[in-house]
Amino acid sequence: MSSSSAHAHETQPGEAAVAGHGDGQQHPIRLYLLVWGWLFVLSACSYMVDYIHLEGLLRWGLILLFMVLKAGLIMAVFMHMIWERAALSWAIILPPIAVLVFVAIMVIESDHTVFTRMTFFSGGG
Amino acid sequence: MADTAHTAPDRPDGLKGIASDWASDQRAFKTASWGKSMMWIFLLSDTFVFGCFLLSYMTARMSTTVPWPNSSEVFALHMFGADIPLILIAIMTFVLISSSGTMAMAVNFAYRRNRRMTVILMLFTALMGATFVGMQAFEWTKLIQEGVRPWGNPWGAAQFGSSFFMITGFHGTHVTIGVIFLLIVARKVWRGDYDRGERGFFTSRRGDYEQVEIMGLYWHFVDLVWVFIFAFFYLW
């Protein structure tokens with residue numbers, strides 16, 4: 001977030017006179033095209049993971065890696081989060097950690113459910 | 001609203017910045033307006049909704065003893081004399097990413113007061129969003145014809161259908177609402193409402209070109225959710 005001052009206030013001459021937040025978030029178009037290109041490349045990569053039939057940990061690891069990179073690019077640049085102050089970014093990014101805790105709980109719960117199904121139902125449920 | 005000093009020179013960054021921004025007796029989000037903050041908070045709540053959908057899908061898939069249908073084959077299309085796995089989903093992904101790209105540039109042109117380019121790019125965004133929903137309707141039709149129902153399908157675990165219709169249906173609804181709002185905001189830009197600061201129908205507050213950025217936040221979020229659905233539902 002410390003990079004904010006480098007980009008946040010690039011305004012075209014003659015446009016700086018507009019008051020308030022109406023002139024906020026101006027970044028070079030080139031940056032958006034670059035991110036767009038990377039999103040295409042990363043999507044193609046994650047599609048290739050399926051196309052060339054990778055299996056096991058490599059498959060899951062690559063799917064997660066490409067997913068996180070894409071999500072990061074969209075949030076950081078398209079949604080302008082790297083140019084917002086940390087007070088906002090953290091308020092938005094931290095709460096979803098609760099979802100990850102929920103995931104961990106449900107993984108344990110699912111393991112228990114599948115165990116009881118295999119133990120007590122002959123054909124599974 | 002009083003100016004709450006976005007640009008105070010002595011404002012610290014990092015952890016100290018968070019503490020001092022939140023502790024101050026005014027507003028926590030110094031650089032984000034009321035509208036932008038509320039959109040972010042709405043998106044956070046929507047994150048929980050989609051998070052819980054994906055989480056229940058994970059639970060269903062992990063806890064069933066019946067094999068899960070192979071999404072690579074289920075979503076294959078017969079093209080050019082061969083079955084190409086996931087091809088429709090891949091095209092949908094590229095369409096949605098492209099619509100995010102045009103939206104990001106629309107926001108940029110809006111802040112430059114280039115109304116013509118803003119409207120053109122927003123209409124392109126809406127068009128690609130509508131294309132996405134159209135392809136999703138095609139996909140649903142194909143799967144329903146093949147016998148996929150929320151309570152069963154020909155290939156394996158019954159929960160596949162319920163997860164699929166719930167998750168993609170809710171996402172498709174978000175895209176549809178986004179297309180409608182894109183058209184509404186594009187019309188306002190076209191008429192010059194934001195140059196004159198006309199009051200909006202939704203909040204009755206004076207609008208400016210930040211509305212385009214707030215619209216963009218929603219649209220990028222829809223793209224963001226698709227990234228997770230693509231990874232967990234289609235590829236996993």
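I looked up helix α2 of chain A (residues 29-51) against helix α4 of chain B (residues 87-111) in this predicted model. Their axes come within 10 Å and cross at roughly 170°; axes are lines fitted to C-alpha atoms over the stretch in contact, with angles from 0 to 180 degrees between N-to-C directions. The pair is therefore roughly antiparallel (over 145 degrees). Helices here are DSSP runs of H or I, at least four residues, numbered from the N terminus.

Next I checked who touches whom (C-beta atoms, placed from the backbone, within 7 Å). From α2(A), the residues include A:Y32, A:W36, A:L39 and A:Y47, and α4(B) answers with, among others, B:F94, B:I97, B:G101 and B:M105.

Then burial (20 or more other C-beta atoms within 10 Å of a residue's own). In α2(A) the buried set includes A:W36, A:L39, A:L42 and A:D50. The buried residues pack against α3 (56-78) of chain A, and against α3 (71-74), α4 and α8 (210-235) of chain B. After α2(A) I find A:H53 with a positive phi, near 60°.

Last, the record: UniProt's unreviewed entry puts "transmembrane region" at 29-49, 61-82 and 88-108 of chain A; such annotations may be inferred rather than shown by experiment. I see 100% helix in residues 29-49 of chain A, end C-alpha atoms 31 Å apart.

Bookkeeping: residues are numbered from 1 along each chain as written, and chains are lettered from A in the order written. Local features need pLDDT of at least 70, side-chain atom pairs 80 or more, while totals for chains, interfaces and linings use all residues.

Note on methods
Helices (H or I, at least four residues) and strands (E, at least two) are DSSP runs, numbered from the N terminus. Angles under 35 degrees count as roughly parallel, over 145 as roughly antiparallel, 65 to 115 as roughly perpendicular and the rest as oblique. Two residues are in contact if their C-beta atoms, placed from the backbone, lie within 7 Å. A residue is buried if 20 or more other C-beta atoms lie within 10 Å of its own, exposed if 12 or fewer, and partly exposed in between; C-beta atoms are placed from the backbone.
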